[in-house]
Amino acid sequence: QIIGEIRQRITATRDRALPPVRASLILDIVPSLGDATEMLFHDPDTHEARRIMARAMDRVAGFLDVPVIQLALEVERYRREQKPSRNKGPVNAVANSTADSSNSDATPTPTQVPETDTVKTP
């Protein structure tokens with residue numbers, strides 16, 4: 001049903017073949033796909049939920065004539081902006097562990113600040 005509504009929105013849009021119009025459509029449709037993912041699945045990060053949403057995004061990307069990875073990237077970006085606690089992926093885990101283990105005081109260590117010899121000219 002959601003895919004049907006999105007398809008109607010796309011087909012009813014004038015000049016939808018023009019890149020700026022398609023970009024606007026993507027930005028309008030992404031919240032619908034992101035919210036649908038959260039509403040339809042108890043755990044949207046399961047294999048089954050991801051597979052179903054991948055098929056839906058593939059169809060929508062076909063309607064828009066854009067690469068599916070571009071649409072998927074925008075949906076994932078939207079979902080992360082809506083739920084900051086979701087940002088616990090491998091990249092963020094590494095960033096958080098380095099931030100936690102960093103030196104809390106602002107004093108640089110000798111390896112951080114290279115010694116320079118200044119030459120004063122007369």
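Is glutamate 48 buried, exposed or partly exposed, and at what relative accessibility? In this predicted model, glutamate 48 counts as partly exposed because its relative accessibility is 41%. Its salt-bridge partner is arginine 51, with the closest N and O atoms 2.8 Å apart. Arginine 51 is likewise partly exposed, at 36% relative accessibility.

The largest nonpolar core has 20 residues, and Ile10, Ile29, Leu33, Val60, Leu64 and Leu71 have the most contacts inside it. Two or more residues come from each of helix 1 (2-11), helix 2 (19-40), helix 3 (47-64) and helix 4 (68-82), and the largest share, seven residues, is from helix 3. Beyond its neighbours within four places in sequence, leucine 64 is in contact with Ile10, Arg22, Leu25, Ile26 and Ile29.

The packing of helix 1 with helix 2 may be considered next. Their axes come within 11 Å and cross at roughly 175°; helix 1 is therefore roughly antiparallel to helix 2. Helix 1 makes the contact through Ile2, Ile6, Arg9 and Ile10, and the residues of helix 2 include Leu25, Asp28 and Ile29. By class, eight residues in this contact are nonpolar, one is polar and two are charged.

The whole structure holds nine salt bridges. In helix 4, arginine 77 and glutamate 74 are three residues apart, about one helical turn, and their side chains meet at 2.8 Å, N to O. Glutamate 76 and arginine 80 form a salt bridge at 3.1 Å; they lie four residues apart in helix 4. Salt bridges with shared partners join Glu38, Asp45, Arg50, Glu76, Arg79 and Arg80 into one network.

How values were computed. Residues are numbered from 1 along each chain as its sequence is written. This is a predicted model: local features need pLDDT of at least 70, side-chain atom pairs count only at pLDDT 80 or more; totals for chains, interfaces and linings use all residues. Side-chain values use heavy atoms; hydrogens and water are left out. A nonpolar core is a set of buried Ala, Val, Leu, Ile, Met, Phe, Trp, Tyr and Cys residues joined through side-chain atoms within 4.5 Å. Buried means under 20% relative accessible area, exposed over 50%, partly exposed in between (1.4 Å probe, protein chains only). Contact means heavy atoms within 4.5 Å. Axes are lines fitted to C-alpha atoms, for helices over the stretch in contact, and angles run from 0 to 180 degrees between N-to-C directions. Angles under 35 degrees count as roughly parallel, over 145 as roughly antiparallel, 65 to 115 as roughly perpendicular and the rest as oblique. Ala, Val, Leu, Ile, Met, Phe, Trp, Tyr, Cys and Pro count as nonpolar, Asp, Glu, Lys and Arg as charged, and the others, Gly among them, as polar. A salt bridge is a side-chain nitrogen of Lys or Arg within 4 Å of a carboxyl oxygen of Asp or Glu.
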